[in-house]
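Colleague: I'd like to learn how to read aromatic ring pairs in a model. Could you walk me through them?

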Amino acid sequence: MQQVTPHNLDRYMKWVASDYKIEANPARELLWVEVIRYLTAIFHPPVEFHNPTVVQRWHIVLFILKGAKNPLARACFKQALLFDWIFFDPQRDEEMNLEPAILIIHYCLVAKLSQRNIAYELLEYLLYFSEQ
């Protein structure tokens with residue numbers, strides 16, 4: 001991730017998808033869930049990563065969300081992204097776990113209005129779980 005620019009993200013993500021044969025088998029699309037969980041819960045980049053010339057965690061997750069073809073996989077992607085938000089405990093959890101979801105929602109509502117539906121889906125998912 002340290003070497004990937006936002007401009008080249010599409011190329012690298014397609015390469016990963018072809019390497020793991022995700023596009024050939026719709027059931028394998030669920031492998032992206034593991035990537036999303038890794039990026040949100042485990043990989044917390046150092047300060048040097050907060051640089052506009054390097055791809056951010058939320059860029060990768062947004063790319064995965066936009067490319068979801070299987071409705072079940074899309075629901076699993078949203079759950080993987082928002083899991084830490086739903087069960088957030090300030091005593092033991094880090095705010096960095098929430099950052100990718102917050103930045104995706106912000107980006108889709110403010111900067112990229114054509115992708116507003118993704119932000120609405122994520123907010124609807126949070127609302128659904130808050131009512132449960």
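**Reading the rings**

Colleague: Is Phe 43 buried or exposed?

Modeller: Phe 43 is buried, at 17% relative accessible area; buried means under 20%, exposed over 50% and partly exposed in between, with a 1.4 Å probe and protein chains only. This is a predicted model, where local features need pLDDT of at least 70, side-chain atom pairs count only at pLDDT 80 or more, and totals for chains, interfaces and linings use all residues. Residues are numbered from 1 along each chain as its sequence is written, and side-chain values use heavy atoms, leaving out hydrogens and water.

Colleague: How do I read a ring pair?

Modeller: You describe two aromatic rings by the distance of their centres and the angle of their planes. Rings of Phe, Tyr and Trp (its six-membered ring) pair if their centres lie within 6.5 Å; planes under 30 degrees apart are stacked, over 60 edge-to-face, the rest tilted. That rule gives five aromatic pairs here. Tyr 38 and Phe 43 make a stacked one, 6.1 Å centre to centre with 20 degrees between the planes. Tyr 38 is partly exposed, at 40%.

Colleague: Why is the pair of Trp 58 and Tyr 107 called tilted?

Modeller: Their ring centres are 4.9 Å apart and their planes sit at 50 degrees, so the pair counts as tilted. Trp 58 is buried at 12% relative accessible area, while Tyr 107 is partly exposed at 24%.

Colleague: Which residues do ring pairs link into a cluster?

Modeller: Those are Tyr 125, Tyr 128 and Phe 129.
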